[in-house]
Each structure stands twice: as structure tokens, then as C-alpha cells.
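Q: Please take a close look at one part of this protein. Which bonds and pairings hold that part in its surroundings?

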Amino acid sequence: MKASNQAGTRTFAAVAATAILMFGAAAAPASAEPDELSVIATFEGERIALADGWGQAGACVVDVDGTRCYRTEAEMDEREGLSIERQRRSGEFFAASTCSSSLRLYQNAGFGGSVLHFSTQHTYINLWGYGFNNVTSSYRVGACTSYLYDGSNGGAPIYPGSTSPYSSASSMVSGWDNRISSL
């Protein structure tokens with residue numbers, strides 16, 4: 001009987017530990033944002049945790065190869081070959097159906113301040129890991145429709161302004177300045 005109770009206790013402990021590992025993050029308060037989930041970017045040969053601050057970086061590009069930051073948007077465009085005019089001149093301009101262009105979120109109205117450039121598709125992206133949660137004040141949409149959300153992981157409500165291909169807003173719809181948490 002004693003051996004049976006010990007085996008049952010071990011089984012219960014193993015199941016409880018598995019449940020904590022699987023569901024522990026979901027049970028954490030919404031405000032819990034563990035530092036270990038901060039997006040790590042490269043900036044001038046160094047690694048920076050964006051959720052802890054951008055330092056001297058002013059523009060970051062996020063794509064399948066990772067996250068790279070630069071001092072200015074112009075430097076990012078040049079180094080990453082993102083300038084639309086440059087792409088047109090070199091014949092690299094793709095049809096809109098390929099969704100080759102990005103979504104850019106700006107810290108300030110009028111497309112100013114820090115900029116975060118995304119070219120990833122078909123996934124929810126939480127902005128707090130990029131140090132950009134509740135920071136967006138203007139945006140430019142590339143070739144594909146984008147969706148901006150107030151909550152994390154695409155949580156409602158959804159941003160009511162136009163986010164269709166090639167739309168932009170130099171300021172957010174009333175009540176939405178510094179409110180976007182995910183896309």
C-alpha cells in the first residue's frame with residue numbers, strides 16, 4: 001500500500017509539472033512579460049534585447065533571417081535594399097500579389113521617430129518583445145493587408161483604420177494612438 005501511494009504521488013507530481021510547463025505561461029497575468037522573450041537584434045555588431053530599449057538604434061527590420069537594427073530609417077533602407085526607388089531602378093520591384101513589401105510602424109505621428117519594419121506573414125506578432133507595445137502613432141502598409149490589434153496575439157479589438165495594401169496613416173484613428181499591441 002505504501003509503495004502504491006508513493007507511485008501515485010510521483011505520477012501526480014509528474015502530471016502537475018507537465019501541466020505547469022504547458023499552461024503556466026497562459027495562466028500568468030496579462031502584464032507578465034518575461035525578459036527572456038525579448039527579441040534579440042543585431043546593432044552595429046552587438047546584440048541588443050529590444051524589450052529593454054533600443055539604445056542608439058532608430059530603425060529595425062524583422063524578417064525570416066532575424067532582426068537587424070540601424071541608426072536611421074534611411075540607413076536601414078540602404079543596407080537592406082529596401083528603398084522602393086532602388087528596387088524599381090534595379091528591376092527588383094515585385095508584383096503586389098507577392099506581398100514582397102512590408103508593414104512599417106512608426107513611434108511618432110507623421111512617420112517619425114523609431115520605425116519597425118516587418119516582412120513576415122501569416123503569424124501574430126506581439127510588439128512588446130520588440131519594445132514597441134503601445135508605441136505606434138503612424139504606419140505604412142506594403143503590398144499585403146495588415147491587421148493591427150489592441151490585445152496581444154491578435155486580441156480584440158482590431159484597429160478600425162484602413163490597413164489594406166499600400167494604405168498609410170500619418171496619425172492613428174482617434175483613440176488608437178499608442179495602443180497597438182500585436183499585428
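A: What follows looks at the disulfide and the strands around it. The model is a predicted one.

Start with the cysteines. There is one disulfide in the structure. It links C60 and C69, with an S to S distance of 2.0 Å. A link of this kind is a covalent bond between two cysteine sulfur atoms. The angle about the S-S bond is 105 degrees, and the link of C60 and C69 is right-handed. Is this pair buried or exposed? Both C60 and C69 are buried. Each has under 20% relative accessible area, because that is the cut-off for the term.

Now turn to the strands. Strand 3 covers residues 59-63, and strand 4 covers residues 66-70. Strand 3 and strand 4 run antiparallel, and five bridges join them. V61 stands opposite R68 of strand 4.

Strand 4 has another partner. Strand 1, residues 40-43, runs parallel to strand 4. Two bridges join strand 1 and strand 4.

How covered is strand 4? Mostly: of its five residues, four are buried. C69 is buried too.

To sum up, strand 4 pairs antiparallel with strand 3 and parallel with strand 1.

Note on methods:
Residues are numbered from 1 along each chain as its sequence is written. This is a predicted model: local features need pLDDT of at least 70, side-chain atom pairs count only at pLDDT 80 or more; totals for chains, interfaces and linings use all residues. Side-chain values use heavy atoms; hydrogens and water are left out. A disulfide is a pair of cysteine sulfur atoms within 2.5 Å. Buried means under 20% relative accessible area, exposed over 50%, partly exposed in between (1.4 Å probe, protein chains only). Two strands pair if DSSP finds at least two bridges between them.
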